[in-house]
Amino acid sequence: MLTLFRDIFVVAQYELSSALRTRLLQVVLLGYGVTMFLGNLIFVEALSTAETQVAQQLGLPTTERPGTLLSHVTESEVVRAMLVDAIGSEGLVSRLIQHPLLAVWAGVVAMLALPIVMLAGTAGSLAGEVQSKSVRFLTLRTERLAIVLGKLLGQFFLAAAAAGVGVGVTVGVGQFLMVEQNPAEVGFSTMLFCGRGLLYALPFGALGLCVSQWVPSRNGARVLAIVTWIGCSILGAWIEFDAPWNLVGRALDMVRWFLPTTGWTSMWSASASELG
């Protein structure tokens with residue numbers, strides 16, 4: 001058992017060094033950082049528009065950077081109704097708005113982006129080893145279980161590094177593009193939500209590894225994994241909204257919870273009752 005754990009960490013270390021050598025690590029960190037920045041920028045622009053409308057209604061002066069009227073925005077019945085419609089539970093909305101809204105939004109972006117990072121990374125992992133014939137050296141030194149789990153762990157560490165960059169970007173946006181944002185509070189809440197995003201991304205990594213074992217092409221495996229993910233998302237939406245509510249429909253609804261989709265609502269919940 002100790003040998004298995006050692007081999008898993010050795011393979012994970014090899015996966016990270018390979019990502020650094022091929023500059024995959026730099027590409028992932030840069031791409032995720034840019035994605036998080038653009039996502040947060042959308043939030044800042046939307047918040048600025050909302051605060052301008054609130055200021056006009058209350059007769060208050062507007063500010064160049066948003067954040068001063070954030071409490072008024074979250075207390076707005078219109079905004080709260082929009083959040084309830086989007087999330088599906090008023091109790092869950094009440095719990096979420098106790099955190100900085102910027103961190104909540106960053107968590108939404110993480111829930112959407114981190115699964116794609118894990119899916120694309122693991123899908124090309126084993127396929128790349130098969131394509132370059134280097135998989136023979138791995139199988140001679142350790143068992144297949146250690147190879148699969150080690151590669152999954154390595155890609156998890158890679159996604160965790162990307163999430164760390166996202167936390168830094170979010171804190172920076174809060175400090176330079178907004179006002180009255182506590183960096184410690186924003187950073188801690190963002191880490192909390194990104195941590196959930198990392199756990200949520202693990203099944204996507206497993207899906208990528210499954211595809212990678214059957215397709216001996218790095219890019220082909222990535223394309224097939226993404227197509228499978230999109231197909232599962234479409235199937236999950238059909239089951240949720242259009243499937244007949246009979247015995248077959250109820251069985252499909254149980255299957256839906258195991259499909260790899262980016263439905264993130266349940267990941268915010270501390271208990272099933274919060275989902276409404």
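Leaving aside neighbours within four places in sequence, with which residues is Tyr32 in contact? The legends below begin with the overall chain and then return to Tyr32.

**View 1. Overall architecture of the predicted model.** The protein chain contains 11 helices and 0 strands, where helices (H or I, at least four residues) and strands (E, at least two) are DSSP runs numbered from the N terminus. Of the 276 residues in the chain, 43% are buried, that is, under 20% relative accessible area with a 1.4 Å probe, protein chains only. Contact denotes heavy atoms within 4.5 Å. Among contacts between residues at least 6 apart in sequence, 76% join residues at least 24 apart. Because the model is predicted, local features need pLDDT of at least 70 and side-chain atom pairs count only at pLDDT 80 or more, whereas totals for chains, interfaces and linings use all residues. Residues are numbered from 1 along each chain as its sequence is written, and side-chain values use heavy atoms, with hydrogens and water left out.

**View 2. Tyr32 and the nonpolar cores.** Leaving aside neighbours within four places in sequence, Tyr32 is in contact with Ala110, Ala113, Leu114, Val117, Ala162, Ala163 and Gly166. A nonpolar core is a set of buried Ala, Val, Leu, Ile, Met, Phe, Trp, Tyr and Cys residues joined through side-chain atoms within 4.5 Å. The largest such core has 26 residues, of which Tyr32, Leu114, Met118, Ala159 and Leu198 touch the most other members. Helices α2 (24-58), α6 (101-131), α8 and α9 each supply at least two residues of this core. Another core, of 12 residues, lies apart from it and includes Met111, Ala127, Ala221 and Ala225.

**View 3. Packing of helix α8 against helix α9.** The axes of α8 (residues 144-176) and α9 (residues 183-214) come within 8 Å and cross at roughly 150°; axes are lines fitted to C-alpha atoms, for helices over the stretch in contact, and angles run from 0 to 180 degrees between N-to-C directions. The two helices are therefore roughly antiparallel, a term applied to angles over 145 degrees. The α8 helix passes α9 in a right-handed crossing, meaning that the near helix is turned clockwise from the far one by less than a right angle. Contributors to the contact include Phe156, Ala159 and Ala163 of α8, and Met191, Cys194 and Leu198 of α9. The contact residues comprise 16 nonpolar, 6 polar and 1 charged; Ala, Val, Leu, Ile, Met, Phe, Trp, Tyr, Cys and Pro count as nonpolar, Asp, Glu, Lys and Arg as charged, and the others, Gly among them, as polar.

**View 4. Packing of helix α6 against helix α10.** Helices α6 and α10 (residues 218-241) pack at an angle of about 145°, with their axes 7 Å apart. Their crossing is right-handed. Among the residues making the contact are Ala120, Ala123 and Ala127 of α6, together with Arg218, Ala221 and Trp229 of α10. By class, this contact has 9 nonpolar, 3 polar and 2 charged residues.

View 5. Leu158, found in helix α8, is buried, with a relative accessible area of 3%. Beyond its neighbours within four places in sequence, Leu158 is in contact with Leu16, Leu24, Leu25 and Val28. Leu158 and Val117 are 41 residues apart in sequence and 8.7 Å apart in space, C-alpha to C-alpha. Glu15 is found in helix α1 (residues 2-21) and is buried, with a relative accessible area of 7%. Not counting residues up to four places away in sequence, Glu15 touches Ser125, Lys151, Gly154 and Gln155.

How values were computed
Parallel < 35°, antiparallel > 145°, perpendicular 65-115°, else oblique. Buried < 20%, exposed > 50% of the residue type's maximum accessible area, 1.4 Å probe, protein only.
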